[in-house]
Amino acid sequence: MRGPAELADALPYLLGFYPDNSIVMVALHGDRARFGGRLRLGIPSDPSHWPDVSDQLADCLITGARRRSGRPVGILVFLCQEPAPGETGQDVKERLRPLAQRLRTACGALDVPVLEALCLSNGRFWSYCCPDYRCCPAEGTPLFLPGTSVMAAAAAYSGMQVRGSLKEMEARLTPRTGPRGADQEKALDAAAEDLVPRMLRPDGAAAVHRDTLELATAMIHRFRQDTPAGSNRARDACDDALITDAEAATLILGLQNRATRDRAAEWMDGPDAAAALRLWRALARRCTGGYGEHAAAPLTLAGWVCWSTADGPSARVALSRALAADQEYVFAQLLHRALNEGLDPEPLRRCLRQQREEAEAAEAARDGGRGAGTTAGEAEEAGAPPEGGTDAAATGRRPSTRRPAPARPGSAGRPRGPRGTTRPGSRTTGTSGSRRTGRDGDRSRR
């Protein structure tokens, strides 16, 4: 980087998105001042909080950087905020000057200097460190047009992606409002009223767990069959249309169970990951009204899929919103900390794969203990679930590969389900005429 202009241009590539209303701090290491640890926090609206926030941010960044890469040689500070109505970018720069000065003082107190502090607002940047008006004029310096700088070319060559602004990323996870939000809240109320008596029945919790996973399997298959195109807003609107209010309410409430959520976390890679991420985002947008805390589960699942598929910026946004919905949500806390520590998600993926294999082995063992009445092959040939068991779409088991037994006398006129599939022939969801939401041979639980 050869000056403030290139530093300002590099910021979105350092984070993976354009920060809005944010304090961003980046640690520099070594003789060549290479980029190290970085952190982002929303700018507190109350200036009285700025001193404490500055001290905490400086300590967090410097301590973490020292632990991972050694003591930093300097810090870069960015203050990003768009003007309020009636303000100019220069007004924002002056209003945030005390915050910039307090951050510089906090870092200096820990013997790490702030080498540059920039304010980015309204398409321009200002330096709080450079007093030379020839390179840093009072009216600010225009930012490079997106995609026209050397940094943009280098990022494109290396495969780095900027995912839009932070505001746009958060909008994809924000609950709906207005009449549609009211309709969804009514559906959630109705699903909650139905859930209580079901949970009180013998083996009710297991039945709810099974039904939730079966519905989630069907939804992921439905999302895989219909991949939208266009802008993020257009794609999200298409996803919202793929799931009804009742289906969304059933899934949202079912995912509040930890065991069910952990099984849902198995859709973390492979061809199912993209569809699962779209589903979790759609469910997060359905947690309206008094059900805001329920969004922690789908938001955490969305963050987990993003992290598992190497999309760290999106994972941080989703996990931050999950903790905003429920700051005591342990799964979100653990994932957020692991992501910020730079840990590899593969050990957790292995754990989830082992969990899936053990569950499938237990189900197979239970099937092996059935009586000698109806065999699995006979039940599949007849298009019905095996006696005492459940269909493959609900359990996620591989369909039987045994040779079908000869048909019994009088069975020729018996209606049969489609052979070689993993869904019962008559199971559908939604209203009459909607597409089937069974598995249709899709191995989405594997």
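## Helix H1

In H1, the buried residues are Leu-7, Ala-8, Asp-9, Ala-10, Leu-11, Pro-12, Tyr-13, Leu-14 and Leu-15; buried here means under 20% relative accessible area, with exposed over 50% and partly exposed in between (1.4 Å probe, protein chains only). That leaves H1 mostly covered, with nine of its 12 residues buried. Helices (H or I, at least four residues) and strands (E, at least two) are DSSP runs, numbered from the N terminus.

The length of H1 (residues 4-15) checks out too: at 1.5 Å a residue, its 12 residues should span 16 Å, and the end C-alpha atoms sit 17 Å apart, which agrees. The expected span is 1.5 Å times one less than the number of residues. Just after H1 comes Gly-16, with a positive phi of about 90°.

## What kind of model this is

This is a predicted model, so local features need pLDDT of at least 70 and side-chain atom pairs count only at pLDDT 80 or more, while totals for chains, interfaces and linings use all residues. Residues are numbered from 1 along each chain as its sequence is written, and side-chain values use heavy atoms, with hydrogens and water left out.

Zooming out, the protein has 18 helices and six strands. Of its 446 residues, 44% are buried. Take the contacts (heavy atoms within 4.5 Å) between residues at least 6 apart in sequence: 69% of them join residues at least 24 apart.

## H8 and its partners

Helix H8 (residues 204-225) pairs with helix H10 (residues 245-254): their axes come within 10 Å and cross at roughly 125°. Axes are lines fitted to C-alpha atoms, for helices over the stretch in contact, and angles run from 0 to 180 degrees between N-to-C directions. H8 and H10 are therefore oblique to each other; angles under 35 degrees count as roughly parallel, over 145 as roughly antiparallel, 65 to 115 as roughly perpendicular and the rest as oblique. On the H8 side, Thr-212, Leu-215, Ala-216, Met-219 and Arg-222 meet Glu-247, Thr-250, Leu-251 and Gly-254 of H10. By class, that contact of H8 with H10 has four nonpolar, three polar and two charged residues (Ala, Val, Leu, Ile, Met, Phe, Trp, Tyr, Cys and Pro count as nonpolar, Asp, Glu, Lys and Arg as charged, and the others, Gly among them, as polar).

H8 also meets helix H7 (residues 178-200), where the axes come within 6 Å and cross at roughly 130°. This pair, H7 and H8, is therefore oblique as well. Leu-195, Arg-198 and Met-199 of H7 make the contact with Gly-204, Ala-205, Ala-207, Val-208 and Asp-211 of H8. Ala-205 itself is partly exposed, at 44% relative accessible area, and its C-alpha atom is 9.6 Å from that of Leu-195, 10 residues away along the chain.

## Two arginines

Arg-176 lies in the loop between helix H6 (166-171) and H7. Arg-176 is buried, with a relative accessible area of 14%. Not counting residues up to four places away in sequence, Arg-176 touches Gly-181, Gln-184, Asp-240, Asp-245, Arg-285, Arg-286 and Thr-288.

Arg-95, in helix H3 (residues 89-95), is partly exposed at 35% relative accessible area. Leaving aside neighbours within four places in sequence, Arg-95 is in contact with Trp-50, Gln-81 and Glu-87. Arg-95 and Pro-47 are 48 residues apart in sequence, with 9.8 Å between their C-alpha atoms.
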